[in-house]
Amino acid sequence: MNARWETGTANAHHVVVLGAGYAGMAAAVQLAARVKRRGGVRVTVVNAQERFTERMRLHMTATGQRLAGLSVPELLEGTGARFVRGWVTAVDADARTVRIDDDRVLPYDTLVYGLGGAADTSAVPGAEDHAYTLDGAQDAELLADRLARLGGGTVVVAGSGLTGTESAAEIAERHPELDVVLLGRTEPGADMSPKAKAYLHAALDRLGVRVRAGVEVAKVLPGAVELAGGETVAADAVLWTSGTRTSPLAAAAGLAVDERGRIVTDAALRSVSHPEVYAIGDAAAVRQGYGVMHGTCQGGMPTGVHAALSIDRVLRGKQPKPFRFGYYHTPVSLGRGDAVVQFTRPDGSPRRIRLTGRAAVRYKETVTASPWPTYGRMKKMPASGAFWPRGGRFTRVREAR
Ligand SMILES: Cc1cc2nc3c(=O)[nH]c(=O)nc-3n(C[C@H](O)[C@H](O)[C@H](O)COP(=O)(O)OP(=O)(O)OC[C@H]3O[C@@H](n4cnc5c(N)ncnc54)[C@H](O)[C@@H]3O)c2cc1C
């Protein structure tokens, strides 16, 4: 039976936030805290699980490490935002409704779309069926089970980006009985300075990770991967980390999306086709002076906060301000005992400065642990979450859009 939910006070403006990830939580807490006293605005957060998924720690989950249980509804307590647990199955951008678990319909006035992204298992045949991913906690737990039961053999990590590199290092450290092979088109740490890259390679070597860069995975088979050219690499488990894709919901709703399915935004983070929809985090294609932002928590949380600020301004009859963000670091864990942090220019290119070893481990842990307390602080002091590097000249968009 279809049920259309009442949204409470008939005249209240209803903002629905889809996804309680790093970006969605930032948007929901920031907005709810700002509108709480004023009234006239209701905020609802929809997410698949009550537990907050610390995506930045999923390589730890995949190696059997237990994470703290962080509850989204508990964090939202006192903000006035309502939490709805469910799986979003459709957005009707004309009727301005969201369908949840196929049988519930939630109307909105303003939508904040923060459903994140996933590894692109559609890129090669067999990846969808035979490879593990780190797309969610359950996916990571499935891999943890498999690795724990193997007792020996080979694990192939496909994709030599940061997620693949961190995962290969973590698996090699936690499972010294396994042979870990990291496959990718580019060498790990490709965007880092020569010294940071050399440190990263030495760490992978010490952990026993066999790196094969410059290779293209053509197929994932049961028990192996096939490279372009026909060579097969035997694998008792394959972790797919390559590429990114987003939920097909935005495109199906008729929202303007890019080639990866991300919602194309204007400078204020509104959909260019549907200005009542804001897009944030990995699900958004946000243009800055240096290009379209790539998916990170570093940039995703500011998009969430900025969307909340924009909505608040529009509701008060003001113009939203343009979003600007510049990167400042690339922190990479290399197991639990080592890490490398590359400091960057706002466009993501490496500076000379870097951290390695214990100092980098502490830095990485501080960064990874910081979102949750940040949300807690924002509940009391919304302005505390509204600071991030704007990136100066690097982020100015010059061309007409
Ligand atoms: C191993 C690993 C390490 C990383 N390390 C770093 C790092 O050091 N620094 C950094 O900046 N970034 C890092 N990242 C990237 C970072 O985690 C992402 O960029 C970030 O999670 C994006 O935030 P988000 O809110 O857009 O999406 P997510 O955090 O993925 O949140 C999306 C939420 O939406 C929910 N959802 C999705 N679809 C539906 C649906 N249909 N219905 C209901 N709910 C749904 C999900 O369950 C989830 O709760 C790392 C990623 C990985 C995998």
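This is a predicted model: local features need pLDDT of at least 70, side-chain atom pairs count only at pLDDT 80 or more; totals for chains, interfaces and linings use all residues.
1. Strand 13 and strand 14 (residues 224-227) run antiparallel and are joined by four bridges. Strands here are DSSP runs of E with at least two residues, helices are runs of H or I with at least four residues, and both are numbered from the N terminus. Two strands count as paired if DSSP finds at least two bridges between them.

2. Residue numbers start from 1 along each chain as its sequence is written.

3. Back to the strands: they belong to an open sheet of three, in the order 13-14-15, with antiparallel pairing. Strand 13 (217-221) and strand 15 (232-234) are the edges, each pairing on one side only. From one strand to the next the twist averages 20°, with axes fitted as lines to C-alpha atoms and angles running from 0 to 180 degrees between N-to-C directions.

4. Eight residues of domain 1 and 15 residues of domain 2 make the contact, which asks for C-beta atoms, placed from the backbone, within 7 Å. On the domain 1 side there are three nonpolar, five polar and no charged residues; Ala, Val, Leu, Ile, Met, Phe, Trp, Tyr, Cys and Pro count as nonpolar, Asp, Glu, Lys and Arg as charged, and the others, Gly among them, as polar.

5. Now the ligand. It has 34 residues around it, and Gly 19, Gly 21, Gly 116, Gly 281 and Thr 296 come nearest; a residue is near if its C-beta atom, placed from the backbone, lies within 6 Å. Elements giving two or more residues to this shell include helix 1 (22-35), strand 3 (41-47) and helix 9 (297-315). Both domain 1 and domain 2 supply at least three residues each. By class, the shell has 14 nonpolar, 17 polar and three charged residues.

6. On the record side, UniProt (unreviewed entry) places "domain: FAD/NAD(P)-binding" at residues 14-289. That stretch is 26% helix and 29% strand. UniProt also lists residues 12-33 as "transmembrane region" (unreviewed entry); in the model this span is 55% helix and 27% strand, with its end C-alpha atoms 16 Å apart. Such annotations may be inferred rather than shown by experiment.

Terms used: Domain bounds come from an automatic or database domain assignment. Two residues are in contact if their C-beta atoms, placed from the backbone, lie within 7 Å.
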